[in-house]
Amino acid sequence: MKQITDCKGEPLPVFGKGVVTDCDIEQGAMPFGSVWNLRVLMLNDIGRSTTDVPVPAPGQFYLLRSSKSGHLLGRPISVYMARRAAHAAYLEFLILKKGNGTEELCSLEKNDELELIGPLGNSFPLPKESDKVCIVGGGIGVAPVAGFAMNLKEESYDFYASFKSGSYGLGFVRPKNLVVTTDDGSVGIHGMLPAALTAEVLKTNEYSVVYACGPSPMLNFVQKICKEAGVKSYLSMENRMACGVGACLGCTITTTEGNKRCCKDGPVFAGEILQFEPAKNKPIGKSTAGNENEPDLSVKVAGVKFANPVIAASGTFGYGSEYASVFDVSELGGICSKGLTLQARPGNSGIRLVETPSGLINSIGLENPGIEHFIEHELPSMLKLKPVTIANLSGSSLETYVEGAKLLDKTDVPMIELNISCPNVKAGGMSFGMNCESAATVTKAVREVTKKPLMVKLTPNAPDLIGIAMAVREAGADALSLVNTFQAMSIDLNTGRPVFDNIRAGFSGPAVKPIALRMVYDVVQTMNKLPEGERIPVVGLGGISCWQDAVEFLMAGAAAIQVGTATFSNPLAMTEIVKGLKKYMLSKGFNSISDFRGSAQ
């Protein structure tokens, strides 16, 4: 990883490898284990340390990504400390464990490899010898300003550090005055930054320059008091980013001089040019202190009560008993049966499954024993299970849909899911769900022969999903479930031919989740425009793999959610979602799902 410079001799960011020398919990950070100290030895292209490895300036950062990571993007992490010794370059990062990416970085072990892009961005400008310096750090923002302070003469600056609880990152700073504030009073002054630093303090102490890094509200406050006191400020900003080198324009921030790239023009900016946007939305929930009462996870869909909103999707869970030895299936809200047709089907020939990045393409073809066999053999076992049983009804013609519905109507099955969305059959399935007229026709025909609650499963491949949703509602649907799989294909590199005999197949998994979420949101939004008595509930599915995904679908307005492909990669995914939902509701003070359902609408 040799240093590259531009025509002016300025260092340019490079892509290279590093190896972890240590990754330990940062002592003093509260709650314990929330902040980690990651130490990395920089390597060149042939895996040996070299004096040509770039050493970052104070304030710069790197995009870090584990070499084994499944995440698409590296995470921007500011440098805490950097040094070169014995022909090696060492970097030290303080990392706040916040999301999946940072959690992965915090779980790295000695000798694990990292991919790094950097050093990125600009650095803090050095103060003049006559300047009286004030350095401010908030939370994890302490790291870059502490690194900057270590490059200044001892006791040539004052340092203000503000935390919610505990303190960390201050072991090597040597200020003339160190002031620590904590929101809970665990260390130093009780309160946040304004409890110790104000415009009056800036004036009284005759500071001439302020350097700061921390959360946006804190930087906004620092900017205001510096303006009021007439003090120059340099603020280190952060934003989500993809490239880190100024190419994608995904990390721009608003300034009086137009949009600026946080990764290239920053992250350090003169405070007076920054334009902080007011907070658009307040955090949802009654209290972060939690709810003392046990939350009620139950939901109703078309008059049918589910103990919780997590339903096993059709085609991914068999008839429930298949996973009974893996986990307690009684913890689920409902189970959709395998797709059922009037007559038994052998399914599709040839290869049936292809794994893709963050997804799965399947061409099963509705293989099933037929509805009569299901009623006699599988249904009794399903009904004995605690979750609500849902029979997924498919067909190859209008007549087979109707005859299948007649048979199911005579049973004790609580609900029928009408499948007009399967992309893996040449007749029936998705062909009925591609336009309003055919979707309404089959829905009406089935409605006329059954009194069971009828949930119609829609395809995302339809050109007018909302139109079809409204058409089947008018035709008698009691609920909707969406979306089924997306049409996809795969090609064999050895033969140059399509992998699947049917050429096209159904794509599912985490990769489709953002699109499915948008579709559920759109249908619910349209449904909400109707009089309340004319609306029908929407059950959301498509790429849901964790409780956070489930919460998003519920916030989009879904009455419940279905989980499919995630069970293949993690058989416990659905029970973890149930537990995650409960924990989330407790943390937010929610008593029921309705407290946050549709909050995004």
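Me: Where is Met489 found?

Reply: Met489 sits in the loop between β29 and β30 (505–508); strands here are DSSP runs of E of at least two residues, helices are runs of H or I of at least four, and both are numbered from the N terminus. Keep in mind that this is a predicted model, in which local features need pLDDT of at least 70 and side-chain atom pairs count only at pLDDT 80 or more, while totals for chains, interfaces and linings use all residues. Residues are numbered from 1 along each chain as its sequence is written, and side-chain values use heavy atoms, with hydrogens and water left out.

Me: How does Met489 count in terms of relative accessibility?

Reply: Buried means under 20% relative accessible area, exposed means over 50%, and partly exposed lies in between (1.4 Å probe, protein chains only). Met489 counts as partly exposed because its relative accessibility is 40%.

Me: Which residues is Met489 in contact with, leaving aside neighbours within four places in sequence?

Reply: Contact means heavy atoms within 4.5 Å. By that rule, Met489 touches Ile361, Pro498 and Ile503. Ile503 is 14 residues from Met489 in sequence, yet their C-alpha atoms are 6.2 Å apart.

Me: Now to helix pairs. At what angle do the axes of α5 and α6 cross?

Reply: Two packed helices are described by the angle between their axes and the distance between the axes. The axes are lines fitted to C-alpha atoms over the stretch in contact, with angles from 0 to 180 degrees between N-to-C directions. Here α5 (residues 371–384) and α6 (residues 398–409) have axes that come within 10 Å and cross at roughly 20 degrees. That makes α5 roughly parallel to α6, a label for angles under 35 degrees.

Me: Which residues of α5 and α6 meet?

Reply: From α5 come Ile371, Glu372, Phe374 and Ile375, and they meet Gly404, Leu407 and Leu408 of α6.

Me: Is helix α8 mostly covered or uncovered?

Reply: Helix α8 (residues 465–474) is mostly covered, with eight of its ten residues buried. Among them are Leu465, Ile468 and Arg473. These buried residues pack against α7 (436–447), β27 (454–457), β28 (479–482) and α9 (513–527). After α8 comes Gly476, with a positive phi near 120 degrees.

Me: What covers the buried residues of α9?

Reply: The cover includes α8, β28, β29 (486–488), β31 (538–541) and α10 (547–555). Buried residues of α9 include Lys513, Leu517 and Val524.

Terms used
Angles under 35 degrees count as roughly parallel, over 145 as roughly antiparallel, 65 to 115 as roughly perpendicular and the rest as oblique.
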